[in-house]
Amino acid sequence: MNLINKYVQLICIVLLLAVSVVFLSSSIGITSIFPFSEEKSTITKIIDDNSPASGESVPAMEAFPPDSNPDDTPGDGTAMKEIAMAVAPDIQGVIGRNNTVYGKLISCGLSPTQILNLTQAFNKTFDFRAAGPDDKFQIFLAGNNQLKKFIYSPDPLREYIAERNETGCFTVSKQELIPEKRVEAIEVSLDSSLSKAILNNGEKQGLVDQLVNIFSWDIDFYLFPRKGDRITILYEKYFIDDTFIKYGDILAAKYAGENGSFSSFFFDGGYYDEQGDPLRKMFLRIPVKFGVKTSGYSIRRFHPVKKKYKSHNGIDYGARMGTTIFATANGKVIFSGWKTGYGKVIILKHPNGYLTYYAHCSKLIAKKGQFVDQGETIAKVGMTGIVTGPHVHYEVRINGKPVDPRRIKNFKGTPLSPRKLEQFRTTVQSRLLLVEEKTRQNSKENRLVLADTPE
Ligand SMILES: [Zn+2]
């Protein structure tokens, strides 16, 4: 009797439990009770060519040990839910060196038929034969290891998305990504070279070149810089998901040096000094192109003048053989050939009675009678004529008489109209405030980093 009672009790409890489970699942939905039962797709595997596990698929359970219920994770319930909501790829990675898209996808466990279908769908929009080793891909799988969705990005600004439709075919769409613009500022002090000063602040050579171009009418980066000179730059940078894409414009820059100070503000498509006078002038300060490959604007190279100007009518800029020589001003080629002592030389005629000479070239590019623009390549650095090493001898003459290129009057372009000038002044004020704010922010961050460093 007692035993039968126990059985009845037990059956009642079991029934009660069953009824409540059915009730719960119908009212909330069974998936919300077991949120991770179908979540294989939330586990991301980064394929790395160095990783020995490359090509194997990762079972979902590896992410969450068998006995752990993710909902029990103390404190971090919301973060877990967010991960579950985001549809992360099952597999992602890069194509890698000496590999093809086909080879990579085979190693990811896709069947040749699936890959063929995918390739055919892609043919109209992107040719996989043009794939590069750094191209990124993402794989989204349905059950049975069937490919559901595939994302291919040959560069950070493009994504091709292939999705499988009901008929089993893939439709491919292209998505252009718009980078996010950020404005940043740095303040650097020159120690050994301009490039180093800027690169040491986490920036790239592209920013150095842009800065040098802006000041190329005012600063002879060979002779002018001194140790301790201070440079401030306010500039635009483009990002996609915190990945640097490219530089935008330099909005403002200041060079405060022992030999003088210059400032520049980007306005209305051009650069102006603080007074609103355009930086673009009749003459560039130097006739040779430098970059990280030549001198990197190092201070050591800032004193290449072997002979004083007075003794030989020009300035010698030492540079590697073959370095680009450009016209310092718009003009007409009146001589392109050999002249005793000068070796291979180009002579340009400019307005107001000016002539410029570019001597000891290895190669002459501009031809006699040709009109050239300021900054246009006219020759290559060499050591023809009477020389001891590769350099360009740069000479300026007014009405036939040699003058010191560093002392010529540099004619300015058209200044801003009064109405524009007013606008310009407002721009200058806001940029200066922005520089102040950004550099203060930087130094604060630096201080924080310092404070975090254990002594
Ligand atoms: Zn010389």
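Tyr 152 touches Phe 126, Asp 135, Phe 137 and Tyr 160, with residues up to four places away in sequence not counted. Contact here requires C-beta atoms, placed from the backbone, to lie within 7 Å. Tyr 152 and Phe 137 are 15 residues apart in sequence, yet 4.5 Å apart in space, C-alpha to C-alpha. Tyr 152 is part of strand E4 (residues 147-155). Strands (E, at least two residues) and helices (H or I, at least four) are DSSP runs, numbered from the N terminus. Tyr 152 counts as buried because it has 23 C-beta neighbours inside 10 Å. The cut-off for buried is 20 or more other C-beta atoms within 10 Å of the residue's own; exposed means 12 or fewer, and partly exposed lies in between.

The structure is a predicted model: local features need pLDDT of at least 70, side-chain atom pairs count only at pLDDT 80 or more, and totals for chains, interfaces and linings use all residues. Residues are numbered from 1 along each chain as its sequence is written.

The protein chain has nine helices and 21 strands. Of its 455 residues, 26% are buried. Among contacts between residues at least 6 apart in sequence, 62% join residues at least 24 apart.

An open sheet of five strands has the order E7-E8-E9-E10-E11. Its pairing is antiparallel. Strands pair if DSSP finds at least two bridges between them. E7 and E11 are the edge strands, each pairing on one side only. Neighbouring strands are turned by 30° against each other on average, direction ignored. Axes are lines fitted to C-alpha atoms, for helices over the stretch in contact; angles between N-to-C directions run from 0 to 180 degrees. Helix H7 packs on this sheet and touches E8, E9, E10 and E11. The direction of H7 makes about 40° with that of E9.

Strand E7 (residues 180-189) is joined to E8 by ten bridges. Thr 232 has Lys 254 in E9 as its bridge partner. E8 and E9 form a hairpin with two residues between them. In the turn, Asp 241 has a positive phi of about 45°.

Helix H7 spans residues 205-214, and its buried residues are Leu 207, Val 208, Leu 211 and Ile 214. Seen down the helix axis, these fall within an arc of 125°, so they line one face of H7. The arc is taken over the directions from the helix axis to the C-beta atoms. The cover over these buried residues includes helix H6 (194-199) and strands E8 (230-240), E9 (243-257), E10 (260-267) and E11 (270-272).

The largest nonpolar core has 60 residues. Such a core is a set of buried Ala, Val, Leu, Ile, Met, Phe, Trp, Tyr and Cys residues joined through C-beta atoms within 7 Å. Ile 325, Ile 346, Tyr 358, Cys 361 and Ile 378 have the most contacts inside it. Domain 2 (179-280) and domain 3 (303-414) both give residues to this core, so it lies between them. The domain bounds come from an automatic or database domain assignment. Beyond its neighbours within four places in sequence, Cys 361 is in contact with residues including Ile 325, Gly 343, Ile 346, Ala 379 and Thr 384. Apart from this core lies another, of 16 residues, among them Cys 108, Phe 137, Ile 139 and Leu 147.

Definitions and conventions:
Contact = placed C-beta atoms within 7 Å.
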